[in-house]
Amino acid sequence: MGDSSVGGPLLWPADEPWPMCAEPNHYKPLAAPVGPEPIAMVPVVQLYARDVPALAFPAGTDLLQILWCPLIHEEEPYAANPRLHWRSTALTTAGALTEEPPRPHVTDEEFVPRPCTVSPTPAVEYPNWDLPDELDELLGERFDDFEIEHGYSYHEVATTQQSKVGGYPAWMQTPRWPRCAGCDTRMEHLLSVTATEPGMGRRLPLDDRDPLQDPAATPSWQAEADTAAVATFGHHMCMGDMGGMYFFVCRTCPGTPYTHRYDCC
Ligand SMILES: [Zn+2]
Ligand SMILES: [Zn+2]
């Protein structure tokens with residue numbers, strides 16, 4: 001619980017009830033009805049500020065947690081329904097839960113992450129689905145030339161589909177940016193949790209500043225991957241079919257409201 005993780009144990013305040021989902025219509029596909037008993041949510045993301053220096057935490061907080069009910073819900077269709085918490089590590093540690101939290105009595109495995117620690121890696125990326133059409137048209141020929149010359153598409157070297165903090169949402173489909181219910185401005189992409197993991201043919205985007213700073217550096221997309229090591233990585237969730245859950249916040253409204261979007265192939 002002291003580590004940043006995906007699916008790992010959370011540093012949880014003992015005096016705060018563990019989140020339970022009592023959504024009456026949530027379900028596990030192709031299984032018996034779940035019944036009225038609430039379902040314990042599962043840890044999905046825990047990030048300590050020290051591990052993600054570029055992530056702005058609301059004042060007084062340095063710990064971000066996301067949990068979700070690992071069943072299918074109707075609100076944002078075909079996905080788990082998440083909950084997000086910002087906390088102070090110091091305040092939480094003083095009264096942290098020491099017992100095992102409740103576990104869900106039924107789950108849809110595609111939304112239950114295998115616990116793993118994370119090793120955040122900075123990357124420079126460019127828009128994927130958020131690339132304006134005009135720009136896509138303007139650059140299309142150069143993308144084609146690049147792919148012929150190097151064997152990689154623009155999307156492979158310049159965009160990130162893996163789970164990430166910041167940058168562009170890792171949409172698999174057309175963008176659906178949410179607006180804040182409080183102030184009606186477009187919300188900020190906070191992080192994406194996706195089924196795409198290292199070792200699935202996607203590399204981190206090229207940091208095109210590196211060769212300028214260090215001409216001898218090998219851009220990440222040209223580096224040989226250690227395939228044995230990469231095979232052990234990951235949370236192993238398929239989230240539908242290569243799906244992703246995208247989290248958004250409004251930093252101007254009180255309480256840092258958040259919402260989510262989900263899509264898949
Ligand atoms: Zn639920
Ligand atoms: Zn707002």
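**Aromatic pairs, charges and the sheet**

1. By the ring-centre rule, the count comes to 9 aromatic pairs, and the model in which they are found is a predicted one. One of these pairs is formed by Trp-171 and Trp-177, whose ring centres are 6.1 Å apart and whose planes stand at 75°, so the pair is edge-to-face. An angle over 60 degrees is what that class requires.

2. Trp-177 also pairs with Phe-248, and here the ring centres lie 5.5 Å apart with the planes at 65°, so this pair is edge-to-face too. Because Trp-177 belongs to the loop between strand 8 (164–165) and strand 9 (188–194), while Phe-248 belongs to strand 10 (residues 244–249), the contact ties together parts that are 71 residues apart in sequence.

3. Ring pairs link Trp-171, Trp-177 and Phe-248, together with Tyr-246, into a cluster.

4. Side chains of opposite charge can pair when their charged atoms come close. A search of the whole structure finds 6 salt bridges, and among them is the one between Arg-87 and Glu-16, in which the closest N and O atoms are 2.9 Å apart. Arg-87 is buried, with a relative accessible area of 8%, whereas Glu-16 is partly exposed at 26%.

5. Another salt bridge joins Lys-164 to Glu-125, the closest N and O atoms being 2.9 Å apart. This pair links distant parts of the chain, for Lys-164 is in strand 8 and Glu-125 is in the loop between strand 7 and helix 2 (133–150), 39 residues apart. Both Lys-164 and Glu-125 are buried.

6. Glu-188 and Arg-251 form a salt bridge with their closest N and O atoms 3.0 Å apart. Here again distant parts of the chain are linked, with Glu-188 in strand 9 and Arg-251 in the loop between strand 10 and strand 11 (258–263), 63 residues apart. Glu-188 is partly exposed, with a relative accessible area of 35%, and Arg-251, at 33%, counts as partly exposed.

7. Turning to the strands, an open sheet of 5 strands runs in the order 6-5-4-1-7, with antiparallel pairing. Strand 6 (79–87) and strand 7 (116–117) stand at its edges, and because each has a single partner strand, one side of each is left without a neighbour in the sheet. Strand 4 (residues 42–48) and strand 5 (residues 63–73) pair in the antiparallel sense over 6 bridges, and the bridge partner of Gln-46 in strand 5 is Gln-65.

How values were computed. Residues numbered from 1 in each chain as written. Chains lettered and ligands numbered in written order. Predicted model: local features only at pLDDT ≥ 70, side-chain atom pairs only at ≥ 80, totals over all residues. Heavy atoms only, no water. Pairing = 2+ DSSP bridges. Helix = DSSP H or I, 4+ residues; strand = E, 2+ residues; numbered from the N terminus. Phe/Tyr/Trp six-rings, centres within 6.5 Å; stacked < 30°, edge-to-face > 60°. Salt bridge = Lys/Arg side-chain N within 4 Å of Asp/Glu carboxyl O. Buried < 20%, exposed > 50% of the residue type's maximum accessible area, 1.4 Å probe, protein only.
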